[in-house]
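Okay, thanks for coming, everyone. Let me put the model up and we'll walk through it together.

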Amino acid sequence: MPPKKKAAGKGRAPAKRQLAEEFPPGEVLIDTGKKSWKLGAPIGQGGFGLLYLAHENTAKPVGADAPYVIKVEPSDNGPLFSELKFYMRAAKPDLIQSWVKSHKLNVLGVPRYWGSGLHERGGKRYRFMVIDRLGTDLQKKFEECGRRFPRKLVLQLALRLVGVFISFFPLNGRVVSF
Ligand SMILES: Nc1ncnc2c1ncn2[C@@H]1O[C@H](COP(=O)(O)OP(=O)(O)OP(=O)(O)O)[C@@H](O)[C@H]1O
């Protein structure tokens, strides 16, 4: 006897989100402001998207010193859409720049938003977002430290997080709750 089909709706698991397939280096994406961005090598993978090195100079290959990253996801995935809305509001380059200056900081630690758009490839649509390339990430540092941070570093991180989440974001378009 064939297995019974599950009733639609009740009891169904939510549809799985797809990870974008990997694009070859050299793919050019055009954002909503008609600016072109060239992809380099992939440098990271999140829960739902792939991240690539990127450059605004589309005339030559994107090197390892690229100043931007582009996050790409299938367009019908939700997470990048939400992340994008947040970046568009809270990570405007001039907003971050003036905050850093007025608070006498060297850096805020939040990548600036430079553009976004939709890209078609092989009959599929992808959403992308261009942000600053940052250095390493906390998870990598944590692994390097043998999964144990020194107390001083934990306190420094806490101060930085408090600065960003309690002062910058609430004043610049995002409500934070703990
Ligand atoms: N601005 C950046 N500069 C350099 N590397 C980055 C940047 N943003 C992300 N990465 C790299 O890409 C990886 C995945 O980033 P992403 O933000 O997608 O992670 P995530 O938050 O785990 O995923 P998701 O948001 O999809 O749940 C990071 O762990 C990091 O190594």
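So, strands here are DSSP runs of E of at least two residues, numbered from the N terminus. With that, H119 is found in strand β5, residues 113-121. Is H119 buried or exposed? Buried, with a relative accessible area of 11%; buried means under 20%, using a 1.4 Å probe and protein chains only. The H119 side chain also makes a polar contact of 2.7 Å with the side chain of E27. By polar contact I mean a pair of N or O atoms within 3.5 Å; within protein, one must be able to donate a hydrogen and the other to accept it, and residues adjacent in sequence count only if both atoms are side-chain atoms.

Quick housekeeping. This is a predicted model, so local features need pLDDT of at least 70 and side-chain atom pairs pLDDT 80 or more, while totals for chains, interfaces and linings use all residues. Residues are numbered from 1 along each chain as its sequence is written, and side-chain values use heavy atoms, with hydrogens and water left out.

Now the ligand. Which side chains put an N or O atom by a ligand oxygen? K71 does, at 2.8 Å, and K140 does, at 3.3 Å. A ligand nitrogen, meanwhile, is 2.8 Å from a polar backbone atom of L134.

As for the shell around the ligand, β2 (36-45), β4 (68-74) and β6 (124-132) each supply at least two residues. The largest share, three residues, comes from β2.

Notes:
Helix = DSSP H or I, 4+ residues; strand = E, 2+ residues; numbered from the N terminus. Buried < 20%, exposed > 50% of the residue type's maximum accessible area, 1.4 Å probe, protein only.
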